[in-house]
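Here is a short report on one protein chain. Keep the sequence and the 3D view open as you read.

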Amino acid sequence: SLDALNEADHFILRQNDVVPHIPYLRTLKHQEPNNPSNMNAKSVWMFEPLKPFSGEVVEFNVPLRIKHATSNKYLFVDTSKVASRINSTSTYQESFHACGLTEIADDKSTIFRVVPTGNEGSRLRNAQAMVRIEHRVSDKHRLFLNSVRDTKPRFDQEKPSKKSRVGFLEKSAGVEVFSLKPLYHNESVRLDNVSSYVPIIKLYTHQYLTATCEE
């Protein structure tokens with residue numbers, strides 16, 4: 001499942017100067033993907049029209065932004081350079097671009113397209129769907145979100161992670177498919193309750209780090 005980590009302030013970087021807030025793949029706790037034990041608040045993402053207050057309906061193959069629900073940060077991809085692996089677990093080295101989360105959503109790097117693999121129609125409906133996440137640098141240059149055969153970059157003094165890193169591949173391998181599962185009403189209410197605690201926790205963490213640095 002695709003999660004996003006929000007455990008550091010913006011001035012703390014990961015290995016190889018990787019930004020602190022990044023999405024990653026978490027191992028499922030149960031072999032059945034729809035099992036409740038696999039559900040996690042950090043795995044919830046929202047698709048947002050480029051003009052979020054226009055009342056537009058989110059559609060497949062149309063430019064949009066992808067927002068992490070609990071952090072309110074937007075997915076972005078760094079197309080300025082090819083990323084490097086940190087703890088590669090494979091001899092196959094496909095080129096990829098790093099991605100992360102940002103609070104600023106006024107850049108082309110935060111614009112993506114959700115492309116269905118089947119005949120789901122034109123609109124994202126309240127039903128499960130198999131999709132690809134694309135970023136279009138140009139009409140002929142497309143990047144594809146997928147696992148990149150590397151582990152999640154860690155912070156200094158943090159234990160090595162077994163979670164898988166994700167990025168945007170230069171070429172489609174035909175397997176970069178994600179399963180979208182809509183939230184039920186009761187799950188949405190619970191998510192809102194969890195999200196309401198995030199600002200308080202961030203404030204407490206900031207004050208703790210500030211006090212620690214001053215000692």
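## The open sheet

In this predicted model, 4 strands form an open sheet. Their order is β3-β4-β5-β7, and the pairing is antiparallel. Two of them are edge strands, β3 (45–49) and β7, and each pairs on one side only. Neighbouring strands of this sheet are turned against each other by 40° on average, direction ignored.

Now go through the sheet pair by pair. β3 and β4 run antiparallel and are joined by 5 bridges. At P49, the residue standing opposite is L64 in β4. β4 and β5 also run antiparallel, with 2 bridges between them. Here K67 stands opposite Y74 in β5. β5 and β7 are antiparallel as well, joined by 4 bridges. Y74 has T102 in β7 as its bridge partner.

How much of β5 is buried? The strand is mostly covered: 5 of its 5 residues are buried.

## The chain as a whole

From the N terminus on, the elements run β-β-β-β-β-β-β-β-β-β-β-β-α-α. The chain has 215 residues, and 34% of them count as buried.

Contacts can also be sorted by separation along the chain.

## The largest nonpolar core

The largest nonpolar core holds 19 residues. Which of them touch the most other members? They are I66, L75, F112, V131, I133, L145 and F168. Several strands each supply at least two residues of this core: β4 (64–68), β5 (73–77), β7 (99–102), β9, β10 (142–151) and β11 (164–169). β9 gives the most, with 3 residues.

Look at I133 within this core. Leave aside its neighbours within four places in sequence. I133 is then in contact with F47, I66, F112, R113, V114, L143, F144, L145, F168 and F178.

F112 lies in the loop between β7 and β8 (113–116), while F168 lies in strand β11, so the pair ties together parts that are 56 residues apart in sequence. F112 and F168 are both buried.

## R132 in strand β9

Next, find R132 in strand β9 (residues 129–136). Is R132 buried or partly exposed? Its relative accessible area is 21%, so R132 is partly exposed; buried would need a value under 20%.

R132 has several partners from elsewhere in the sequence. Leaving aside its neighbours within four places, R132 is in contact with R113, V114, V115, T117, G174, E176 and V177. With E176 there is also a polar contact of 3.2 Å between the side chains. F178 is 46 residues from R132 in sequence. In space, the two are 6.2 Å apart, C-alpha to C-alpha.

N146 has its place in strand β10. Its relative accessibility is 14%, so N146 counts as buried. Beyond its neighbours within four places in sequence, N146 is in contact with R165, V166, G167, L169, V175 and E176. E176 is also in contact with R132.

M39 sits in the loop between β2 (23–25) and β3. Its relative accessibility is 36%, so M39 counts as partly exposed. Leaving aside its neighbours within four places in sequence, M39 is in contact with R26, P33, N34 and K181. M39 and L28 are 11 residues apart along the chain. Their C-alpha atoms are separated by 8.9 Å.

Notes: Residues numbered from 1 in each chain as written. Predicted model: local features only at pLDDT ≥ 70, side-chain atom pairs only at ≥ 80, totals over all residues. Heavy atoms only, no water. Buried < 20%, exposed > 50% of the residue type's maximum accessible area, 1.4 Å probe, protein only. Contact = heavy atoms within 4.5 Å. Polar contact = N/O pair within 3.5 Å; in protein donor to acceptor, adjacent residues only side chain to side chain. Core = buried A, V, L, I, M, F, W, Y, C linked by side-chain atoms within 4.5 Å. Pairing = 2+ DSSP bridges. Axes fitted to C-alpha atoms, helices over the stretch in contact; angles between N-to-C directions.
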